[in-house]
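Subject: Handing over the structure

Hi,

Here is the structure I promised to pass on. Have a look at it first, and then read on for my notes on what turned up.

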Amino acid sequence: MASTSAPSPSEASAPTTDTHHTQSQNSPALNNNNKDYDLSTPIDPNNSVGGLRQNLTSYGDAHFSLFMRKLFIKAMGYSEDALSRPIIGIVNTYSSFNPCHANMPQLMDAVKRGVQLNGGLAIDFPTISLHESFASPTSMYLRNLMSMDTEEMILAQPVDAVVLIGGCDKTTPAQLMGGISANKPIIHLVTGPMMPGSFQGTRVGACTDCRNNWAKFRAGTLDMEDMAALNEELAPTSGTCGVMGTASTMACLLVALGLMPLSLPSATAPAVSSARLRVAEHTGALAVQLSQSQLKPQDLLTCESFLNAITVLQAIGGSTNAIVHLMAIINRHPSLAGTISLKTIDDIGRKTPLLVDLKPSGNNYMTDFHNAGGMLALLHQLRPLLHLDALTVTGRTLGEELDSIPFRPLPSGTELGQIIHPLSSPLYPSSSLIVFDPSISNLCPLGGAVIKASASKYRRLLQHRGQAVVFHGPADLARRIDSPDLNVTPDSVLILQHIGPVGLHSPGMPEAGMIPIPRKLALQGVEDMLRISDGRMSGTAGGTIVLHVSPEAADPESVLGVVRDGDWVVCDVEGRRLNVALSGEEIEKRKRERREGMKKGFSKEEEEKGNWQKREGMRGYRGLYMREVNQADEGADFGFLTAAGPKGKGKGEVKGEGGGEGAK
Ligand code: FES
């Protein structure tokens, strides 16, 4: 159609007597416009020039596709001049169900200002938004969907660089997973942490204090009026949880990975601060720079970038959830998938001390970390442990950034001077996050398990032997945990099965791993017990809690799935061993019995136990998720989304040092 009716280039640029039109004809923008309709110059469908010509909609005629694209976007009032600029996509994850992203409109305005002051054209577009408390059954169940949405929208639309604005726990990992897979230049911007509130003269903040105070309520030391008052104060402003939970952890890791700038407090500036808006404006400016450098995430992110991120994760006592996210992110990267494993995280932990005194490992809030210098101060402290030649979004290395932005440590006598400890006087000597070695741990024999040792309340439990009290899923837990008849002592080991990636009722590794202390023990003042599950816990939670046991209990091959009440469980954090004291023969016998039970089918009451088998026939996203999700040690991603693709393992190589010793 276009080839027969479109004017020739000379006709399109013919002079006219209309004065205004004549001026326009002479503008560079319109000359460019004419080139767009020059049928004698082919438009490469895999155009690398950028702007509107990239990723054209397929109408079978590239010139017509471009003509259509331009005429439609002009309906929004854009001029030829605007459309000739580098296009910076801004991912808008605003949702009225997501208070962690409530400042999104102001952030987008500030990003656009930064883009447009630097000669770019900012165009925002929406993707899925996820909030922890507004995602059923779990936000983790939807993380991979959000990553697919992000990847495909980046690929589908004509963007020269993208600003990914996220904040709440699963959003930034989903965006980075999608961003790496799409492999167009990206820069992250987080919404920033919320401010702390106040209850009876004490600072409180989501969500460590949500959980602590709920435990006190269960133990009878707070009443309903107290809880109503707390409910007003725990999230007093917009922004992400104000402690070192998953959102804050991921924000710090994005700086360590070089995906957010160091020159401004990009990880820690509060959501409601003017500093946050300046970070946003600067991010817009850097995005224009990225559109020109075309520094893509698969080139920017190297093995060293991730080793830096893991060092920071250990030094901040970060969320255990970040381990799952990091594995998923790494396994999206074609040249890094399989080269960094859970063992890498443990190895780095052995030489990295905990430096940041924030809840849940310590006592303070993100605003304190921000006021103490935030990530700039921390990275200067960690400098001897970092790979300084790793690249950042500015195009300079981490070392060059640190050299150009010095930080003078605060006096140690001051309150703020205590927030970020020097390497010479850490808060915890090493290994705030520990990975159990699967080769010597019969409870997690394939993928291992993790524990945040620095958040243990009773450190004696890090070396512990106790008898199992087993709950077969969240419903069973809710039914029996507070029963006066529960056969439990403070030395018992609480085990919760069936909250893994596939699970029983709620796929997506529910954050139920912080099993509540049985009420009758809580009333006696017990505040911590050894707890083990295949699920996750909130990054804001604390206690002696083993998580992400792999393979999960729903898997017929799982050992966790055949542990019974009264079995002796041995946890040796120092030795990285997590075992149930059963012989190999007994474990195999129990697994055999379980498989036979599964074959026979389930009673109506037990029907959901068959989810592992029934997933083959499930429809929709639920079916896709249940069939494709991999285990926690691989990142709980979909196999077909990993760099290795559907047939590859997409899995980090987990090597143990001891080698197959089995139960001790
Ligand atoms: Fe959004 Fe905690 S609920 S960061």
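Let me start with Asp209, which counts as buried at 4% relative accessibility; buried means under 20% relative accessible area, exposed over 50%, and partly exposed in between, using a 1.4 Å probe and protein chains only. Before going further, two notes on how to read all this. This is a predicted model, so local features need pLDDT of at least 70 and side-chain atom pairs count only at pLDDT 80 or more, while totals for chains, interfaces and linings use all residues. Residues are numbered from 1 along each chain as its sequence is written, and side-chain values use heavy atoms, with hydrogens and water left out.

**Salt bridges**

Back to Asp209: its side chain meets that of Lys359 in a salt bridge, 2.9 Å from N to O. A salt bridge here is a side-chain nitrogen of Lys or Arg within 4 Å of a carboxyl oxygen of Asp or Glu. This pair links distant parts of the chain, with Asp209 in helix 10 and Lys359 in the loop between helix 17 and helix 18 (366–371), 150 residues apart. Helices are DSSP runs (H or I, at least four residues), numbered from the N terminus. Lys359 is buried too, with a relative accessible area of 15%.

How many salt bridges does the structure hold? The count is 32. As background, side chains of opposite charge can pair when their charged atoms come close.

Another one to look up is Arg332 with Glu151, where the closest N and O atoms are 3.9 Å apart.

An α-helix has 3.6 residues a turn, so residues three or four places apart point the same way. Asp346 is buried at 5% relative accessibility, whereas Arg350 is partly exposed, at 39%.

There is also a network of salt bridges that links Asp36, Arg53, Lys70, Lys74 and Glu80.

**Rings**

The structure holds eleven aromatic pairs. Rings of Phe, Tyr and Trp (its six-membered ring) pair if their centres lie within 6.5 Å; planes under 30 degrees apart count as stacked, over 60 as edge-to-face and the rest as tilted. Take Trp214 and Phe217: their ring centres are 5.1 Å apart and their planes are at 55°, so the pair is tilted. Both residues belong to helix 10 (residues 208–218), three residues apart, about one turn of the helix. Trp214 is partly exposed, with a relative accessible area of 46%, and Phe217 is partly exposed at 24%.

Ring pairs also join Tyr141, Tyr621, Tyr625, Phe638 and Phe640 into a cluster.

Two arginines are worth a click as well. A charge sits over a ring if NZ of Lys or CZ of Arg is within 6 Å of the ring centre and within 35 degrees of the ring normal. Arg465 lies over the face of Trp568, 4.6 Å from the ring centre, and the charged end of Arg615 sits over the ring of Trp612, 4.0 Å from its centre.

Is helix 16 mostly covered or mostly open? It is mostly covered, as ten of its ten residues are buried. One of them is His325, which has 0% relative accessibility. The side chain of His325 makes a polar contact with the side chain of Arg143 at 3.0 Å; a polar contact is a pair of N or O atoms within 3.5 Å, where, within protein, one must be able to donate a hydrogen and the other to accept it, and residues adjacent in sequence count only if both atoms are side-chain atoms.

Val393 sits in the loop between helix 19 (374–382) and helix 20 (398–404). Val393 is buried as well, with a relative accessible area of 2%. Val393 and Gln175 are 218 residues apart in sequence and 16 Å apart in space, C-alpha to C-alpha.

Happy browsing!

Note on methods
Helices (H or I, at least four residues) and strands (E, at least two) are DSSP runs, numbered from the N terminus.
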